[in-house]
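Open the model in your viewer and keep the selection panel at hand. The stops below go from one selection to the next.

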Amino acid sequence: EGREIFISASVGIASSLTGAVEAVDFLRDADTAMYRAKENGRGQSALFDPAMYEQVATRPTLENDLQRAIARQELALHYQPIVDLAHHQLIGFEALVRWHHPRWGLISPSTFIPLAEETGLILAIGEWTQRVACQQLQQWRQRLSEAQDLVVSVNLSVKQFASPRLIDTIDEVLAATGLSSQHLRLEITESALIENPQTAETMLKA
């Protein structure tokens, strides 16, 4: 109809050298490799590697295990120092969540955070992160005189920021840990503001 359309192709390549002999195996391997090509930026090709299938196969397992990670105390927070360079002074910490899987070891946040986002588990993980980070900072403040002015910074995902319970959750965490709100910083991404500006404005004011 007079319109010009540009298309590209992501190609997955399977070889009998990987051990596949049945047609269904070739198709599965090529399909898996095609998704890897898409992940790598689209418009390119990827050759199937058995390790790709292992990653795809472990995804449902990781999803199930993530459901129990908090109860099993597999999540941990690492604290990255925040330094005022002008005065060479420590002003606080950023809390970074890490998952120590009993079988796979340390799971990269780039792997399990998207999983948590997709499944809605990010709300529970986010609340846990806030609570543990506030508890830790409060403990440091009670033990160390030099920690009185420190702050702890916690990241909020888009889904957390959009949750109607966010303010209540923050209030509950601060009340339970005894930490003053001036010692808690919440970090959000631009996408949290762009997706729904009106709701974001209301939430920021709250």
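Two residues are in contact here when they have heavy atoms within 4.5 Å of each other. The model is predicted.

Start by selecting Ser157, in the loop between strand 6 and helix 5 (158–162). Is Ser157 buried or exposed? Its relative accessible area is 11%, and the limit for buried is under 20%, so Ser157 counts as buried.

Keep Ile122 selected and go to the second largest pocket. Ile122 is among the lining residues that lie nearest its centre, together with Val97, Ile113, Asn155 and Leu156. The lining has 19 residues in total. Strand 4 (89–101), helix 3 (109–119), helix 4 (122–143) and strand 6 (151–155) each give two or more of them. Colour the lining by class to see 10 nonpolar, six polar and three charged residues. The pocket volume is about 320 Å³.

Next, select Val97 again, this time as part of the largest nonpolar core, which has 35 residues. Val97 is one of those with the most contacts inside this core, as are Leu66, Leu75, Trp99, Phe161 and Leu184. Helix 4 supplies the largest share, six residues.

Finish at Trp99. Which residues does Trp99 contact, apart from its neighbours within four places in sequence? Select Leu62, Asp65, Leu66, Ala69, Glu74 and Leu75, then Gly105, Leu106, Ile107 and Phe112.

Note on methods: Residues are numbered from 1 along each chain as its sequence is written. This is a predicted model: local features need pLDDT of at least 70, side-chain atom pairs count only at pLDDT 80 or more; totals for chains, interfaces and linings use all residues. Side-chain values use heavy atoms; hydrogens and water are left out. On a 1 Å grid over the protein atoms alone, a cavity is a set of points where a 1.4 Å probe fits but cannot get out, and a pocket is an open set with protein on both sides within 12 Å along at least five of seven lines; lining residues have an atom within 4 Å of a point. Grid points are joined across faces, edges and corners, and a volume is the space filled by probe spheres set on the points. Helices (H or I, at least four residues) and strands (E, at least two) are DSSP runs, numbered from the N terminus. Ala, Val, Leu, Ile, Met, Phe, Trp, Tyr, Cys and Pro count as nonpolar, Asp, Glu, Lys and Arg as charged, and the others, Gly among them, as polar. Buried means under 20% relative accessible area, exposed over 50%, partly exposed in between (1.4 Å probe, protein chains only). A nonpolar core is a set of buried Ala, Val, Leu, Ile, Met, Phe, Trp, Tyr and Cys residues joined through side-chain atoms within 4.5 Å.
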